[in-house]
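Biologist: Can you walk me through this model? I would like to start with what sits inside.

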Amino acid sequence: MQYNPLMSLILFDFDGVLADTLADMLRFAQEVCNELGVKHTVVQTDLSQLEEMSFAAFGRACGTPEDLVQEFVRRCMGKFAEKKSPPELFHGMGAVLRKLAKWHNLAVVTGNTSRNVHAFLEEHGLANCMDAVYGVDMPGSKAEKILKAKDQFGVEAGMVYMVGDSCSDIRAARQAGVNAIAVSWGHQSMSMLVRALPDLVVRVPGELIVAVRLIGRGSL
């Protein structure tokens, strides 16, 4: 596929930004805790108060012993892969992605697997909107994957936007020197997102179109 370096690059986190996976994440985490003998009742704050949004950090927040954290991660991801149908798309996000894809390069940078993301995109008819997926199965930190995407698409840092729902997404954008947009409908609390100082916070998917335009024009 040929990428257009004159177009902006918009990178999306997956869980909590595109995919409404909150209920699944809580349920699967509880199932895995039970399987591993971890005596913990999983609640939403285990996820929403994380400094780093990852399955490993989630497992630790649930009290998983360090020697079982990677097994917690493996089993949670396996449950997502085995789920009969991919998670729901956040309301309004499909129309936004289709519109953005006409004028920008789009990609996913996620702590989930590329396989799960591709299945989700196919299910919701969005495979043609995304030019690339950088999953947890690819080496490197989220910041390193942002930089890899920037280089692959040949886009200047000022024209790259990381759209996430966690403080760690915002920090990764900062480390990579790109713009950070936080969304309020994801897994992390608004108070934590604001403290991480994103360039902009959007409250509904439709605001993403305006957010990219405002940051790009330096109109904040």
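Modeller: First, a term: a nonpolar core is a set of buried Ala, Val, Leu, Ile, Met, Phe, Trp, Tyr and Cys residues joined through side-chain atoms within 4.5 Å. Buried means under 20% relative accessible area. Keep in mind that this is a predicted model.

Biologist: OK. How many residues does the largest nonpolar core have?

Modeller: The largest nonpolar core has 32 residues. Those with the most contacts inside it are Phe12, Leu18, Met93, Ile181 and Leu208.

Biologist: Which elements supply at least two residues of this core?

Modeller: They are strands E1 (9-12), E4 (105-109), E6 (160-164) and E7 (179-183), together with helices H5 (93-101), H6 (114-123) and H10 (207-217). H10 gives the largest share, five residues.

Biologist: And is that the end of the cores, or is there a second, separate one?

Modeller: There is a second, separate core, with 24 residues. Leu36, Leu47, Ala56 and Phe72 are among them. As background, nonpolar side chains in soluble globular proteins tend to be buried together.

Biologist: Back to Ile181. What does Ile181 touch, not counting residues up to four places away in sequence?

Modeller: The contacts of Ile181 include Tyr161, Met162, Val163 and Gly164. Leu200 and Val202 are also touched by Ile181, as are Leu208, Ala211, Val212 and Ile215.

Biologist: Let me pick a helix. Which residues in H6 are buried?

Modeller: Ser114, Asn116, Val117, Phe120 and Leu121 are buried in H6. They lie on the same side of H6, because they cover an arc of only 160° around the axis.

Biologist: What does the face turned away from the buried side carry?

Modeller: That face of H6 carries the exposed residues Arg115, Glu122 and Glu123. The buried residues of H6 pack against strands E2 (19-20), E3 (88-89), E4 and E5 (132-134), and against helix H4 (69-82).

Biologist: What follows H6?

Modeller: Gly125 follows H6, and its phi is positive, near 65°.

Biologist: Which residue has a positive phi although it is not a glycine?

Modeller: Leu197 does, with a phi of about 60°. For context, most residues other than glycine have a negative phi. Leu197 is in the loop between H9 and strand E8 (200-202).

Biologist: Is Leu197 buried or exposed?

Modeller: Leu197 has a relative accessible area of 60%, so it is exposed. Arg195, found in helix H9 (residues 190-195), also counts as exposed, at 57% relative accessibility.

Biologist: You named Lys142. Why does Lys142 count as buried?

Modeller: Lys142 has a relative accessible area of 19%, and the cut-off is under 20%. Lys142 is found in helix H7 (residues 142-153).

Biologist: What is Lys142 in contact with, leaving aside its neighbours within four places in sequence?

Modeller: Lys142 is in contact with Asp13, Val109, Thr110, Gly111, Met162, Asp169 and Ala172.

Conventions. Residues are numbered from 1 along each chain as its sequence is written. This is a predicted model: local features need pLDDT of at least 70, side-chain atom pairs count only at pLDDT 80 or more; totals for chains, interfaces and linings use all residues. Side-chain values use heavy atoms; hydrogens and water are left out. Helices (H or I, at least four residues) and strands (E, at least two) are DSSP runs, numbered from the N terminus. Buried means under 20% relative accessible area, exposed over 50%, partly exposed in between (1.4 Å probe, protein chains only). Contact means heavy atoms within 4.5 Å. The arc is that of the directions from the helix axis to the C-beta atoms.
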